[in-house]
Amino acid sequence: MILLPKRNLAITLFSFHIFLSLILKTQAKCNTGCHLAIASYYVRQGTNLSYISDLFSQQVPEILKYNPKVTNKDSINTGIRLNVPFSCDCLNGDFLGHTFTYITQFGDTYDSIAKFPYSNLTNKDWLQRVNSYQPTRIPDYVPINVTVNCSCGDRDVSKDYALFATYPLRPGEDLSSVAAESGVPAHLLELYNPESNFSAGNGLVFVPAKEAFHYNK
Ligand SMILES: *[C@@H]1O[C@H](CO)[C@@H](O)[C@H](O)[C@H]1NC(C)=O
Ligand SMILES: *[C@@H]1O[C@H](CO)[C@@H](O)[C@H](O)[C@H]1NC(C)=O
Ligand SMILES: *[C@@H]1O[C@H](CO)[C@@H](O)[C@H](O)[C@H]1NC(C)=O
Ligand SMILES: *[C@@H]1O[C@H](CO)[C@@H](O)[C@H](O)[C@H]1NC(C)=O
Ligand SMILES: *[C@@H]1O[C@H](CO)[C@@H](O)[C@H](O)[C@H]1NC(C)=O
């Protein structure tokens, strides 16, 4: 009986604590996303457009709009990067990304799903964070979340770019090769990715892409 008020106080304090942390949490790092971002998808051997279309829930003709160089949809070259359009959402008010649904295959791990089907557009730690399955207990043939980060730009850096590619760095690339490939000046790439090491051979960077209509040539 004497404990009751104390307990109530504790509960009140606890609720207040939750309330505060909710407020802090909703001091969002993002409010809205943007309707379009590009996944720079490295094409492995044995991959084809209908498979990629399934992975990203995106129609083949829609993907082709962003890949004017692909002329034969039935046979895409291995070792190229394909531009896959997706919507960049503000997830949990916390970060920009998009969650795709992937059906696990026999023997999949978070690591293998990130590295192979999704070509390093995400990584195992990130997949572990957005799925409830323990890494060693992922059932076969069930849907799981595959979250890919994205960017909608930064008005403090430049207002000229609104469309961004999520670009997994590969071994052998560096700042100048990414600049040459994207046609974006190196210093601008650095401004958009202040923490990134472009020579690391892995990790994501965000590369400004030309506006959507440029792809339609
Ligand atoms: C496309 O690739 C997937 C996965 O590698 C494969 O299962 C499927 O048979 C391929 N489809 C065609 C038409 O080659
Ligand atoms: C992803 O990165 C790993 C090395 O971290 C590499 O072995 C693998 O081939 C890469 N995936 C693709 C599709 O290039
Ligand atoms: C995606 O963004 C979140 C939040 O900024 C970060 O913690 C995570 O490491 C990123 N994932 C990848 C694969 O880079
Ligand atoms: C995928 O994410 C949704 C939304 O956060 C969550 O409800 C669901 O449980 C997640 N799926 C798995 C397999 O963890
Ligand atoms: C960037 O990564 C490369 C390759 O791992 C490494 O040699 C270099 O020291 C790194 N640079 C910085 C500034 O960390």
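A residue counts as being near a molecule if one of its heavy atoms lies within 4 Å of it. With that in hand, welcome to a short tour of this predicted model.

**Figure 1. The residues around ligand 5.** Asn197, Ser199 and Ala200 are the residues found around ligand 5. Look for Asn197 here: a polar atom of its side chain lies 2.3 Å from an oxygen atom of the ligand. On its own, ligand 5 has 360 Å² of accessible area, and the protein covers 25% of it.

**Figure 2. The residues around ligand 4.** Around ligand 4 you will find Val130, Asn131, Ser132, Tyr133, Pro143 and Asn145. This shell divides into three nonpolar residues, three polar ones and no charged ones. Ser132 takes part through its backbone, where an N or O atom lies 2.7 Å from an oxygen atom of ligand 4. Asn145 takes part through its side chain, with an N or O atom 2.3 Å from an oxygen atom of the ligand. Ligand 4 exposes 360 Å² when taken alone, and the protein buries 43% of that.

**Figure 3. The residues around ligand 1.** Here the residues around the ligand are Gly46, Asn48 and Tyr51. A polar backbone atom of Gly46 is 3.0 Å from an oxygen atom of ligand 1. In the side chain of Asn48, an N or O atom is 2.3 Å from an oxygen atom of ligand 1. The protein buries 32% of the 360 Å² that ligand 1 exposes when taken alone.

**Figure 4. Asn193 in its loop.** To find Asn193, go to the loop between α7 (186–192) and β6 (204–209). Is Asn193 buried or exposed? Asn193 counts as buried because its relative accessibility is 6%, and the cut-off for buried is under 20%. Leaving aside neighbours within four places in sequence, Asn193 is in contact with Phe198, Val205 and Phe206.

**Figure 5. The whole protein, for orientation.** Read from the N terminus, its elements run α-β-α-α-β-β-α-α-β-β-α-α-β-α. The protein has 217 residues, and 37% of them count as buried. Among contacts with a separation of 6 or more, 68% are between residues 24 or more positions apart. The accessible surface of the protein comes to about 13,300 Å², and carbon and sulfur atoms account for 54% of it.

Technical notes: Residues are numbered from 1 along each chain as its sequence is written. Chains are lettered from A and ligands numbered from 1 in the order in which they are written. This is a predicted model: local features need pLDDT of at least 70, side-chain atom pairs count only at pLDDT 80 or more; totals for chains, interfaces and linings use all residues. Side-chain values use heavy atoms; hydrogens and water are left out. A polar contact is a pair of N or O atoms within 3.5 Å; within protein, one must be able to donate a hydrogen and the other to accept it, and residues adjacent in sequence count only if both atoms are side-chain atoms. Accessible areas come from the Shrake-Rupley method with a 1.4 Å probe; for residues, only the protein chains shown count as cover. Ala, Val, Leu, Ile, Met, Phe, Trp, Tyr, Cys and Pro count as nonpolar, Asp, Glu, Lys and Arg as charged, and the others, Gly among them, as polar. Helices (H or I, at least four residues) and strands (E, at least two) are DSSP runs, numbered from the N terminus. Buried means under 20% relative accessible area, exposed over 50%, partly exposed in between (1.4 Å probe, protein chains only). Contact means heavy atoms within 4.5 Å.
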